[in-house]
Amino acid sequence: MKIFCVANQKGGVGKTTTTVNLAAGLAAVGQRVLMVDLDPQGALSAGLGVAHHELEQTVHNLLVPPLAPIDDVLQRTRVEGMDLLPSNIDLSAAEIQLVSEVGREQALRRALHPVVDRYDYIL
């Protein structure tokens with residue numbers, strides 16, 4: 001399993017487009033891919049047709065107590081072998097909510113741990 005982070009502080013530089021296209025390409029050659037939307041605007045989720053504003057469980061619920069089971073948040077996409085952990089505006093509160101958590105810098109790693117063996121790539 002390989003983990004890649006597509007990140008940049010500036011908007012409009014192609015993070016979402018790169019992630020979706022990389023994931024689709026990997027899935028097209030038989031790789032199992034998990035995309036993690038860590039954008040409070042939910043651009044990746046919206047780009048995949050997920051009504052992210054209506055979701056009750058998002059990546060926020062994997063990072064901030066009380067923690068949701070990852071399978072409650074995981075969404076299958078229309079592409080075989082390509083799954084999504086969606087996001088929405090709720091994620092914008094996570095930084096404040098996690099400020100006093102011990103080991104907060106490992107929160108995403110802990111959240112993903114139960115599913116890492118299911119995927120060849122996590123983006």
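Student: Before we start, what should I know about the model?
Tutor: Residues are numbered from 1 along each chain as its sequence is written, and side-chain values use heavy atoms, with hydrogens and water left out. The model is predicted, so local features need pLDDT of at least 70, side-chain atom pairs count only at pLDDT 80 or more, and totals for chains, interfaces and linings use all residues.

Student: In what order do the strands of the open sheet stand?
Tutor: Strands here are DSSP runs of E with at least two residues, and helices are runs of H or I with at least four, both numbered from the N terminus. Two strands pair if DSSP finds at least two bridges between them. Strand 1 (2-3) and strand 3 (75-76) stand at the edges with a single partner strand each, so one side of each lacks a neighbour in the sheet. The pairing is mixed, and the five strands follow the order 1-5-2-4-3.

Student: Which residue in strand 4 is the bridge partner of L34?
Tutor: Strand 2 and strand 4 (residues 82-85) run parallel and are joined by four bridges. Strand 2 also runs parallel to strand 5 (residues 121-122), through two bridges, and there V33 has Y121 as its partner. For L34, the partner in strand 4 is D83.

Student: Which residues of strand 2 point the opposite way from V33 and M35?
Tutor: In a regular strand the side chains alternate between the two faces of the sheet. In strand 2, V33, M35 and the residues you ask about are all buried, which means under 20% relative accessible area, while exposed means over 50% and partly exposed lies in between (1.4 Å probe, protein chains only). Pointing the other way are L34 and V36.

Student: Is S45 buried or exposed?
Tutor: S45 has its place in helix 2. Contact means heavy atoms within 4.5 Å, and, not counting residues up to four places away in sequence, S45 touches D37, V50, H52, L84, P86 and S87. Its relative accessibility is 0%, so S45 counts as buried.

Student: What about R109, buried or exposed?
Tutor: R109 lies in helix 6. With a relative accessible area of 62%, R109 is exposed.

Student: What is the volume of the largest pocket?
Tutor: On a 1 Å grid over the protein atoms alone, a pocket is an open set of points where a 1.4 Å probe fits, with protein on both sides within 12 Å along at least five of seven lines, and lining residues have an atom within 4 Å of a point. Grid points are joined across faces, edges and corners, and a volume is the space filled by probe spheres set on the points. The lining has 33 residues, with C5, V6, A7, V36 and L38 nearest the centre. The volume is about 910 Å³.
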